[in-house]
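Please look over the sequence and the structure before reading on.

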Amino acid sequence: MKARINEVFDSIQGEGLYLGEKQIFVRFFNCNLSCAYCDTKLDQFTEYEPKELFEEIKLYRDKYHSISFTGGEPLLYADFLEEIIKLTSGHGHKHYLETNGTLFSELEQLIDCIDIIAMDLKFPSSTGMGKLWQMHRKFLKIASRKEVFLKAIICQATYEEDLREALAIIREISPASVLVLQPNNYENQSVLHEKLLNFRQIANQQGVTACIIPQIHKIVGLR
Ligand code: SF4
């Protein structure tokens, strides 16, 4: 069994609730979505067997918070993930999954061996794609059996009605989960500022804890 992997490296987590934690990153190649704001350049890959990836991970000897499986969309490689997690589990690593929150059957397969899930909520007005709410709903139901927080990219084009739809899903399925509002890095931040504050206030009024966290790694030039 092989997976296409774009890169393996260590760095500091640059977004979400684990901002600043040191992680080993495994970036999988390919994605099942095509968000308008996507800046993940996946133009090359190396094919790995699970044991080959395990040997590479073992080369990272510092103290790490966790292994971050990211992409692209890592759940496109669910069988491979199952195997690599079996190998790394005995070595003191937590397993952190960064996912677009759509492949719920694959998550079901893996949920018992994932520790933390950073799940995107794709707002149609931000992504330029169709509605993914039903997939997000099913995904969050499974994810809520573990530690999960949510992330949504906020753009100038983002509609308040998308935020309200997302808040309804969080309230219904996983009310204790935090929603991270992440400004689109490529837009004017001062214009987005007011919208972000307004969205955070609406979330808090609806009983959902929301915070504004930009992608720090892009601001300070980390990978
Ligand atoms: S889910 Fe992530 S990797 Fe996939 S297209 Fe959207 S932003 Fe890019």
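In this predicted model, the shell around the ligand is made up of four nonpolar residues, three polar ones and one charged one. The residues in question are Cys31, Leu33, Ser34, Cys35, Cys38, Gly72, Asn100 and Lys122. The ligand itself sits in the largest pocket.

Gly72, one of the residues around the ligand, belongs to the loop between S4 and H2. The peptide bond that joins Gly71 and Gly72 is cis, with omega at about 15 degrees.

Asn30 is in another kind of backbone state: its phi is positive, about 90 degrees, although Asn30 is not a glycine. The loop between S2 and S3 holds Asn30.

Helix H1 spans residues 50–57, and Pro50, Leu53, Phe54 and Ile57 in it are buried. Viewed down the axis of H1, these buried residues fall within an arc of 105 degrees, so they line one face of the helix. Among the elements that cover them are strand S1 (3–12), strand S4 (66–70) and helix H2 (78–88).

Glu161 is part of helix H6, residues 160–173. Between Glu161 and Phe123 there are 38 residues of separation in sequence, and their C-alpha atoms are 9.4 Å apart in space.

How exposed are Asn30 and Glu161? The table gives their relative accessibility.

| Residue | Relative accessibility | Class |
|---|---|---|
| Asn30 | 40% | partly exposed |
| Glu161 | 56% | exposed |

Exposed means over 50%, so Glu161 at 56% counts as exposed.

Definitions and conventions:
Residues are numbered from 1 along each chain as its sequence is written. This is a predicted model: local features need pLDDT of at least 70, side-chain atom pairs count only at pLDDT 80 or more; totals for chains, interfaces and linings use all residues. Side-chain values use heavy atoms; hydrogens and water are left out. Helices (H or I, at least four residues) and strands (E, at least two) are DSSP runs, numbered from the N terminus. Buried means under 20% relative accessible area, exposed over 50%, partly exposed in between (1.4 Å probe, protein chains only). A residue is near a molecule or strand if one of its heavy atoms lies within 4 Å of it. On a 1 Å grid over the protein atoms alone, a cavity is a set of points where a 1.4 Å probe fits but cannot get out, and a pocket is an open set with protein on both sides within 12 Å along at least five of seven lines; lining residues have an atom within 4 Å of a point. A molecule sits in a cavity or pocket if more than half of its atoms lie within 2 Å of its grid points. Ala, Val, Leu, Ile, Met, Phe, Trp, Tyr, Cys and Pro count as nonpolar, Asp, Glu, Lys and Arg as charged, and the others, Gly among them, as polar. The arc is that of the directions from the helix axis to the C-beta atoms. Contact means heavy atoms within 4.5 Å.
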